[in-house]
Structures are given as structure tokens and as C-alpha cells.
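Here is a short tour of the pockets in this protein. Have the sequence and the model open as you read.

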Amino acid sequence: MTNELVALLDGGEIGRLRNDARGRLAFIYNDDWRGSAGAYPLSLSMPLAAQEHGSAVVQAFLWGLLPDNEQVLDRWAKKFQVSARNVFALISNVGEDCAGAIQFVASDRLEALRSGKDDKTEWLDEAEIAKRLKALREDHAAWRLPRDTGQFSLAGAQPKTALLLKKGQWGIPSGRVPTTHILKPPTGHFDGHAENEHICLRLARDLGLPVADTGVMRFKNEIAIVVERYDRHVSGNDIIRVHQEDICQAMGILPTRKYQNEGGPTPSDVVELLRTHSTDRAADVETFVNALGFNWLIGGTDAHAKNYSLLLASGPHVRLAPLYDVASILPYKDIDLRKIKLAMKVGGEYKLDQIGLRQWQKFARETRVDADELVASLVSMAKQIPDLVADIHARAKKEGLENEIVERLASALSIRARDCERLLQKTQTAP
């Protein structure tokens, strides 16, 4: 097995990823890349000021490109005959289509990739996509069929697959051709998650938050939430990879520590990261804080640091990426709100029912944002949610979304929003 991979950003070589005999990783930037006018780092945790970066930050970045799903990693390990705990070996086999613009390519694959010799797409009809979604729903590790040649890797624990959509046709790309959309089927205990995520993202968009574009699609008897990748940009007949990384990667933190209670980033950490690196820090801090508030309002319990990302481009240009993986815990049966916790603390509290005006005011002090503006934003969102949800619910029914979770979600979101509005205003006027 090779001990070196070439790192490409949008097709251009920027450096080398090395794995020594003792399994220690290093990333070395090319001098030509570091000296170029439009250069930007592979990760904020690996600034261009240093040519070489050591194992800790490299491990964190690479693991952040891989699924948080042991079943998938075990499946890949068996397929490629490598260890499921060897991040270099895994990336060697799936690193040609990752989140962002990065591609990790073995030297002996470089010529074929650059020449386009391996560029091809296996086009799928509706029945074939339905078959794949059914297999994925029943086996959450079935991201690809064993015979598929195209590579891709995505972070996260949910079952998903990534496909190319071009001129109305779906396909499995390989070579230089990237995937453009992520498809997620509903899953077991959290049946209706596809509809849940789609509705919550639509609600966030209607409230003015930047979000990934989604739709719910049917393929024969199968349903999936279809997410348009914000890290892909269509330019004529070309599909351009746009670089991104999640907050854990940007801070050099392993994905096993994505939750704050596991030692992961706090809201203050994220705000400070944005103030330090964003090229529009005021707008990005406001978006992040409002996103935290939105998750509090809807009972979005999985808004950990890996579910926020940064877009990186030449300059370097750094912006908070659109929101994604947003869903509510509220519509699921047997949920005890007194036990529900957010992924990040607000004013020292995780539990939904322990967070009110005082906690948000404390949060504002901790993050150095205007408390009055923050509370006004929360109240405004809470006031708007019931009417927006009613409209989204009506549109969902017209779109043919039939899962009973849609009805429960619409009701739960409206009730929760009114409760939060009363809580903020009651506490605000208390002596």
C-alpha cells in the first residue's frame, strides 16, 4: 500500500499527505501553492504559514471526511482489506470525492485522473434508484453497491448515498466527475426523518437563515430527502468543487469530540473562530447565533460542531456555510421534554426546559453579542413560526408527503414556538 497521497484542490496539486512506517501522518504543502496569489489552506487548523503539519491536526481533518458510522467503516475496511481504524488506508480508497474541493489521490492514479481517462457515469433509472434506497433503508451501511466504481465519502451517521444529477438524469460518477446531491432515506426508529429535516430546513429558510437546498423526492415506492450539495457549483457543463470543512476540522478536533459535553467546541469557541477568520464576521456570527436560537425553538438536539461548516476559497475567503442536518426531536413519541438536551450549552444549560431569557442573556455576555438584539430575534422567530409552519404543512401535503410525522411535527413546532414566546416575554417582565 502507498505511503503517500497527492492532495488536489479543484484539480490543482497543493501538497502531499504522508504516512510513515510508524503510522504517523503529516501534510506538506507545495511551495508553489503556498506562494500563489489565490492560495488558501486545506484547513484553518493547517495554516499556509507552516509548510508541514503534524499527525494530530491531520488525523482530525481526515476522520472528519469519513462517516461517523461504524457499520460503514467496517464495510469499507472489509471491501478494501484494511483496518477500519486506519484513516490513511480508508482515505486512500475513498478520497477522490470528499466533502469540499479536496481529493486525495494515489500517485499511480494521478495521470488517469488528470487526463480524464476514468471520467464516466453509470446512469440510473428510477427503479434502480428505488432499489438502492430500499437497500440503504434496510442496511444503513449500503452507501454503494459492491460493484460500483465511483468513490465518495461523507461525514455523519445517517444512512445516505451521493449521486450526480445532470440534465435531469441521476448517475454514479467516477474519475474527476463529482457527486452533486445527497440522498437520505427515512430510517427505522426515526421514521420520517427525511420529511422532518426537509420541513425544518424549509422553516429555517423562511425565517431568513441560509440553508442547503432540499426537496423530498419519490423514486417508485421509495422516498428520500434530496440535498443539493452547496460544495458543488455548476458552471456551464462543468461541476466545480467548492472547498469546505466543518468546525471540528477547522479547530483540529476529532469528530469523536463533536459534542460539547464530550470536550467539543462551545458556542463561544465557534463565535471566536468566526470573528478571527470570517471575511464577513458580523454576518456569520449573527447567523450562527440565530441558528442556535432556531435549534432551541424547534428542539433541534443534534446541532453539534460537525453540523456547522465553513466555506474556504481564494484570498483566503472564509464564510459560514449554509445550515444542514437540521431536524426536530419534538414529533417523536415518548419524548420527555424535561430530559431533552441541546448539543451545545446556552448560558450554562443543556436542557431545553432549563433555557429561558436569563440563559440567553448570559449567553450574550459570554459571546459578546447584543443581548437585546438576540432576544428580539428569538421572539421574532417564535412569533413567525406558527404561521410559517401552517404554510409549509399545506405545501408538504400538496407535495404528497404522507408520513404521519408531518402532522405531528407541524403541531409540535407551533406549540413549542408559542411556549418559547411566552417564556421569553414572561421572564422578561418578571420583577
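The lining of the second largest pocket consists of 8 nonpolar, 4 polar and 7 charged residues (Ala, Val, Leu, Ile, Met, Phe, Trp, Tyr, Cys and Pro count as nonpolar, Asp, Glu, Lys and Arg as charged, and the others, Gly among them, as polar). This is a predicted model, where local features need pLDDT of at least 70, side-chain atom pairs count only at pLDDT 80 or more, and totals for chains, interfaces and linings use all residues. Residues are numbered from 1 along each chain as its sequence is written, and side-chain values use heavy atoms, with hydrogens and water left out.

On a 1 Å grid over the protein atoms alone, a pocket is an open set of points where a 1.4 Å probe fits, with protein on both sides within 12 Å along at least five of seven lines, and lining residues have an atom within 4 Å of a point. Volume is the space filled by probe spheres set on the points, which are joined across faces, edges and corners.

| Pocket | Volume |
|---|---|
| Largest pocket | about 550 Å³ |
| Second largest pocket | about 410 Å³ |

Among the 19 residues lining the second largest pocket, Arg176, Val177, Pro178, Ile239 and Arg241 come closest to its centre. Strand S13 (238–241) is among the elements giving two or more residues to this lining, and S13 contributes the most, with 4 residues (strands are DSSP runs of E, at least two residues, numbered from the N terminus). Why does the second largest pocket lie between domain 1 and domain 2? Both domain 1 (4–115) and domain 2 (120–228) give residues to its lining, so it lies between them; the domain bounds come from an automatic or database domain assignment.
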